[in-house]
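Hi everyone, thanks for making time. Let's have the structure up on the screen, and then I'll walk you through a few things in it.

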Amino acid sequence: MSLLYDSFVLLRINHSLSLDLSFCGSGNLGKMFFHIVLERNMQLHPRHFGRDLREKLVSKLMKDVEGTCSGRHGFVVAITGIENVGKGLIRDGTGFVTFPVKYQCVVFRPFKGEILEAVVTMVNKMGFFAEAGPVQIFVSNHLIPDDMEFQSGDMPNYTTSDGSVKIQKDSEVRLKIIGTRVDATEIFCIGTIKDDFLGVISDPGTTS
Amino acid sequence: MKVPFPPRQSQSQSQRRRIRNRRQCCAVLCLIPFLFFPSLRFYYNSSSTKGNRHKIMSDKGGKGGKSALKSPAYKGKDDNSAKLKGRKVQFDSEDLYDDKFDTNENGKSNGKDDTSFSKGGKGDKGGKAGKGSAKKEPPPLLLKVEQELPENAKCLMDCEAAQILQGIQEHMVLLSKDPTIKIPSSFDRALQYANRGNHYTNPQSARLVLESLKDQGLSDGEMCVIANTAVESVGEAFGLMPSLKAKKSKVKEPLRSALTELEKLKNVAESTKKAIVLD
C-alpha cells in the first residue's frame, strides 16, 4: 500500500510538471483559488531513510498539509508540485531530521468584497447558510432584500411578495462576501445579496 | 497726638488688596480665551507651569515670594494683550488638534502630551492612513490581499482550478482502494465548486480573451470575477465591480467585445440552461 501511495506521489508531481501553469495570471485581487509556493519544515524519523527518502518526505507533506486551513492562505486544497527540498538537519537529542520543503499548491481563500456563487444548505428566520466549496457563508435576514419574507414550513424559504423569486435549500445564489472568520479547521464568511446583480441564480426545481 | 498719615500696616493691606484684585482680574481675563478656545489650554502649558511654580513659591515664601509674584503679575498684565494677540495668531494653526486635545483637562500637562496624543491619533487611524496628513478623514478600506498572500501567488479562474483538480482526482482514484489514506473533504468540495464555476470549454482560450483587457487597466482579480460569474453584459460587470466603474470610459468597448468572445467559448450545457431560463 505504501508503494501505491508513493507511485501516486510520483504521478502527481509529474502531472503537475506537465501542466502549463504559465497561463496563470500574476495579480492577486479578491479571488477564491490561488496557486502559491509555500515552505514547511518536515520532520522525518530515521526509519524512513533510504533510497525512497524523497518520496516518503513528499507523501508525509501531503498527509500533513492537504485539507488544512490557515488564516493567511485559506484551505490548502491540493499540492501540485515540489520546488525544492533543502538539506536535512539532525535535531539534538531525538534523531529526527528536519527538511525545509518548498512546494506549490492550490489554495482556496475568500476575501471581503468578493462575488461568488454558493448553494444554500439551510434556511431559518435569522437568514440562510450557503456553501461555496469548503467555505460556509451566512447571509443574515438584514442583508436579504426587504421585499423577501421568511416562510416557515416543511421547506423554509425566503420569497418575494409576488412569489416570483424563492430562496430555499439547494438554491444557487450569487452573493458578496462582507466579512470572514478563520478557525483552526474552517473559514466562515458573512455575505449579502442586497446589492445589484446579486440573488438567486437558479432554483432546485429548474435544474432537476 | 494726631497721626497725619494712616499707619503703614493699613497701607500695605490696601496695597495688598489692590494687588490681589488686579491678580484676580488678570486671572479672569486669562481664563476667558480658554473658555472660547479650548485648544489654547494646551499651547500655554509651559507658561502655566511657570505660573504654578511661582504660586507655590509665594505660598511657601514670604516677602521674596510676594515680590516674585508681583513681577509675573505685572508682566502678565502687560503681556496679556500681547499674549492674546499671540494666541490669536497661533491658535489658528493649532485648530487641527482641537479634536484630540478636548479630552485633556489637565492644564499642567507638558509637551509630552503632544507626542502621546499624536501617536495615539496615528494608532487609531492605522499605519496606512498616512502620517498625520489626513487627521479627520476616515481610514481608507484597503484590500490587504497583497500583504496577506505571498508575492508569487497567482490568481486562478475557476475553470483553470477545475482543470488542475480534475487531473489530481484521476490519480486519487488509485488511492481510494487504500483505507488508511484519507482524501480530505475540502478537496471534493473545492472540486465540486470549481466544476460549478467552470463555464468555458477551454480555460486557456478564456484566459487569452481576458488578457487582452489587461492593457485597458483591468486587474487579474477583476478578470477572474468576470470569468467566474459568467458576466453577460457590461452593465452587470460594472454593477458587480465598483472598481471597474472608475475605468468605464476606457474599458467599456473592449469589455463588450471580450464578453462577446467569451459567450462563444461557453459550455454547451451553459447555453442550453440559458435557453431554458429564457423560455
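How far apart should the ends of helix α14 of chain B be, given its 18 residues? Before the answer, please keep in mind that this is a predicted model. Helix α14(B) covers residues 248–265, and at 1.5 Å a residue it should span 26 Å. Its end C-alpha atoms lie 24 Å apart, which agrees. The helix does have a bend of about 30 degrees, and that sits at Pro254(B).

Now for the side of α14(B) that is hidden. Buried residues there are Val251(B), Leu255(B), Ala258(B), Leu259(B), Leu262(B) and Leu265(B). In chain B, the partners that the buried residues of α14(B) pack against are α10, α11, α12 and α13.

Staying with α11 and α12 of chain B, the loop between them holds Ala230(B). This residue isn't a glycine, yet its phi is positive, near 50 degrees. Ala230(B) is buried, at 8% relative accessibility.

You'll find Phe197(A) in the loop between β13 and β14 of chain A, and at 41% relative accessibility it is partly exposed.

For Cys159(B), it is that of Cys224(B), at 8.5 Å. Cys159(B) is buried, with a relative accessible area of 2%, while Cys25(B) is partly exposed at 48%.

Technical notes
Residues are numbered from 1 along each chain as its sequence is written. Chains are lettered from A and ligands numbered from 1 in the order in which they are written. This is a predicted model: local features need pLDDT of at least 70, side-chain atom pairs count only at pLDDT 80 or more; totals for chains, interfaces and linings use all residues. Side-chain values use heavy atoms; hydrogens and water are left out. Buried means under 20% relative accessible area, exposed over 50%, partly exposed in between (1.4 Å probe, protein chains only). A disulfide is a pair of cysteine sulfur atoms within 2.5 Å. Helices (H or I, at least four residues) and strands (E, at least two) are DSSP runs, numbered from the N terminus. The expected span of a helix is 1.5 Å times one less than its number of residues. The bend at a residue is the angle between axes fitted to the seven residues ending there and the seven starting there. Contact means heavy atoms within 4.5 Å.
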